[in-house]
Amino acid sequence: MTGSTTPQAEHLSRLLAEDKAEWADAIEAIFDEYGEAGVREILRSVQDHALGLNVPLNEATLNTPYVNTIPPEAQPAYPGNLELEQRIENIIRWNAMAMVLRGQDDGTGVGGHIATYASCATMLEVGFNHFFQGFDDGNDPDMLLPQPHAAPGVYARAWLEGRLDLETLKNYRRELGRGGGLSSYPHPRSMPEFWEMPNASMGLSTPAAIYEARFAKYLENRGLKPKSQRKIWCFIGDGEADEPEVLGTINIAAREKLDNLILVVNCNLQRLDGPVRGNGKIIQELERVFRGADWNVIKVVWGSGWDGLLARDKHGVLRKRMDECLDGDYQMYSVLPGDVQREHWVEGNPELEQMMASLTDEELRAIKRGGQDPKKVYAAFDLALKAEGKPTVILVKTVKGDGMGAQGKNTAHQYKNMNDEERVRIAHELGIPISEAAARGAEFYKPDDDAPEMKYLKERRAALSGPVPRRRQICPSLPAPQLDSLAEFLKGSGNRELSTTMVMVRLLTALLRMPDVGKYVVPIVPDEARTFGMDGLFKVAGIYAPEGQKYRPVDADTLLPYREAADGQILQEGICETGAMASFMAAGSAYAVHGLPMIPFYIFYSMFGFQRVGDMIWSCGDMMCRGFLLGGTAGRTTLNGEGLQHEDGHSHILASTVPNLRSYDPAFGYELAIIVREGMRLMYEEQEDLFYYITLYNENYVMPDLAERAEALDTISDEMMNGVLRGGYRFEHRPAGADAPDVHLLASGSIMQQALAAADMLHERGLSVTIWSVTSFTELARDAQSVSRHNRLHPLDPPRQPYVAELLTGQTGVFVAATDYMKDLAAGIASWIPGSYEVLGTDGYGLSESRPVLRDHFEVSAEHIAHAALTSLYRERYVDGQILEQHMNGIKVDAEKEDPRLR
């Protein structure tokens, strides 16, 4: 056994025994006279003095003894029927196990997990019976985020409650099964009336819960919803706490006093492969971290069976032994018989041997850890519920796989099947009244409706306002602004040069000022507002700070001061993309969580969106979030000078992987306005489950007028607007002689300016040129693929035409596409282009260089676009070699330079 004290430390402890006793007596006297406040004050003073002597205190100020935070005498009386609750828990344990076992028996190989729910069943049942609030009585409901691997237990309880039918339960992990099925983990998209938030990706539920709690306070402080007692209950595993998103986001919860947040860490001491901290103590480690971050920390380590022993521990030898044992030791204890456990506990100490003699071997073996004792769990939950001004973390010690035969073993997580003998034994131990044959077949068990267990279960949920988890969607429709209210953005910029980023900021400002819409707009920015020219919003909307602004900002006397306010509208997240994305998730799901049509606009460096927090964006799709992700400073060649880590040339490729995310790469202000307005209409007026990704650029140029463009093309604005939304439209046509070959240039974003310059070169050479503004290669490709699928499945029906084919019907000549993104983006529509199709893009790593040099390097400059068009004309025999050489004169392209993808 490895101890935590050295011989030198033990010797010093003996020398100072008398002094320590005197100090202890003095502290007791202060406590009797002045109470807890007096003890804290004197200890703080002594601590400050020690620090003044440069004596480091290490963990002394952050760790408490390895015992329960709540002593037995402070425990509230348990309000429920423990016997009935244990029977209910046993039934749910069995049915949860049966769900996984049946999946093994039918040979589908769909998998499942038993051990996690076995370790946290008691915790969840105490919550379901006494704490987790529903919304049947019109109250503000709690949000419950269980550990994802515990989903079978939540489903098993929902079946007893009558929320799920038997056929659905049988189809666990068979979502396409007859009669419907159940998702493996919490997925709102798969079960939109059940799960509220996805949390299957380890580590993400903690920041999601923290920022959900914060967003609830944000809504309250802004007066958009009344203050309530609603709690966010987030359960995670101790191994999960190693994910940087967990501990990396806990400071904001304390800083903003999120007392509506309760984080429960299931410390079963095991990861998937082995111990979390075999050579240490994960509970003590997490206690230090959370206390250091100023959280309220509650430890639930030992079950009631230890209370008597600890009460007789007058000299602290048992507590000392508990402190010495490591998690690797405790894991071993969980698999040892009582007599062997006794030897390890006692380890030659006569006083410990005498204390342990009061228990039989079986009693010692059966003593539970805190997380398996409903009284201890209830006391911790009750105390957490009463916390004020701080978030609470409850560190609960459990045994992984408790009661399932593999408890405590390193293989417990992978334990997904049991032989017939184990099944029969466990059914008997749990008191499940089924036959041995039924146990071997993992048959489900449900008591009659009038059974005491069923009555109690339903009565308790009725007393807590109905079932949880349950997702609601009671948000009223919010009409989108009329297009004429955005007329200034359709008219262009005259002679003034603007970037699409500047247009977006002006558009956001206009939306904030709209009476019916403005209060729902949530600007989110991760410490880059000035980069995007958004600092003007500080004064208009204010930066959300729950304590207001207690200082005078250094720029207080300027026109655009940094203004913080308790009712501020902007969520300024600092340098924390995870936090900003979690805020987007909270705001984007507010229609379902809070019944409010909040409209988040999260603007960020486009490189640090999908590449940095792609997992969270995928979760937003799962959660059916609504809102706008704005990839600012976009484009591998447009963001000049910043180099390899900043210059984005692939975010649209990544965005295309999220099915319900519509992505656009607008070139002009009117395109941006049309897209945003339509997004608001679809998401908030029609209430479709979509969200948007729009890239914005920092390159300035004149923004054209929509009506003038339409008039020049002898079309109507409505037709062009439809093209903007569907992914592309004819922007400009420059005819030449009757025999002139046709060149079609397709471009998006800021590279449209290069296409227009290339069109000048080509038209000067007597070629007919049409420029197509492609606002979304992704949407064009999706539409085309959908149409192709329909045609494949309906071969006898008249074939349908995808929009891109309709758009280009009757067009001849050659086609060249150019974007500031990888070639794969524009190549997605190649099958539907009615002619030779050359794609230019920015494959390769970014470089610190000027914009013209970058565009030449990546071969998306005007010269390269014109060169590609001329080459295609020659290859398709529209011009001969002599004409090609004439046309190439004056177009500077280095044909021998290195492929930028390989640099």
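Before I show you anything, one definition: helix axes here are lines fitted to C-alpha atoms over the stretch in contact, and angles run from 0 to 180 degrees between N-to-C directions. Please also keep in mind that this is a predicted model.

Find helix α3, residues 82-105, and helix α18, residues 420-429. These two pack at an angle of about 165°, and their axes are 12 Å apart. Angles over 145 degrees count as roughly antiparallel, so α3 is roughly antiparallel to α18. The crossing of α3 past α18 is left-handed.

Which residues of α3 and α18 make the contact? From α3 we have Trp 94, Met 97, Leu 101 and Asp 105. From α18 come Arg 423, Ile 426 and Ala 427.

Now let's zoom out for a moment. The protein chain has 903 residues, and 57% of them count as buried. There are 37 helices and 20 strands in the chain. If you put a box around the C-alpha atoms along the principal axes, that box is roughly 110 × 70 × 55 Å. And of the contacts between residues at least 6 apart in sequence, 77% join residues at least 24 apart.

Next stop, a sheet. Five strands form an open sheet with mixed pairing, and the order is β16-β18-β17-β19-β20. Which strands sit at the edges? They are β16, residues 729-734, and β20, residues 836-840, each pairing on one side only. From one strand to the next, the twist averages 20°. Helix α31, residues 752-764, lies across β16, β17 and β18, and runs at about 170° to β18.

Let's follow the sheet to β20. Strand β19, residues 814-818, pairs with β20 in the parallel sense, over five bridges. Take Val 814: its bridge partner in β20 is Ser 836.

You'll find Ser 872 in helix α36, which covers residues 862-875. Is Ser 872 buried or exposed? Its relative accessible area is 4%, and buried means under 20%, so Ser 872 is buried. What does Ser 872 touch, leaving aside its neighbours within four places in sequence? The contacts are Val 814, Ser 836 and Glu 838.

Thanks, everyone, that's my tour!

Methods
Residues are numbered from 1 along each chain as its sequence is written. This is a predicted model: local features need pLDDT of at least 70, side-chain atom pairs count only at pLDDT 80 or more; totals for chains, interfaces and linings use all residues. Side-chain values use heavy atoms; hydrogens and water are left out. Helices (H or I, at least four residues) and strands (E, at least two) are DSSP runs, numbered from the N terminus. Angles under 35 degrees count as roughly parallel, over 145 as roughly antiparallel, 65 to 115 as roughly perpendicular and the rest as oblique. A crossing is left-handed if the near helix is turned anticlockwise from the far one by less than a right angle, and right-handed if clockwise. Contact means heavy atoms within 4.5 Å. Two strands pair if DSSP finds at least two bridges between them. Buried means under 20% relative accessible area, exposed over 50%, partly exposed in between (1.4 Å probe, protein chains only).
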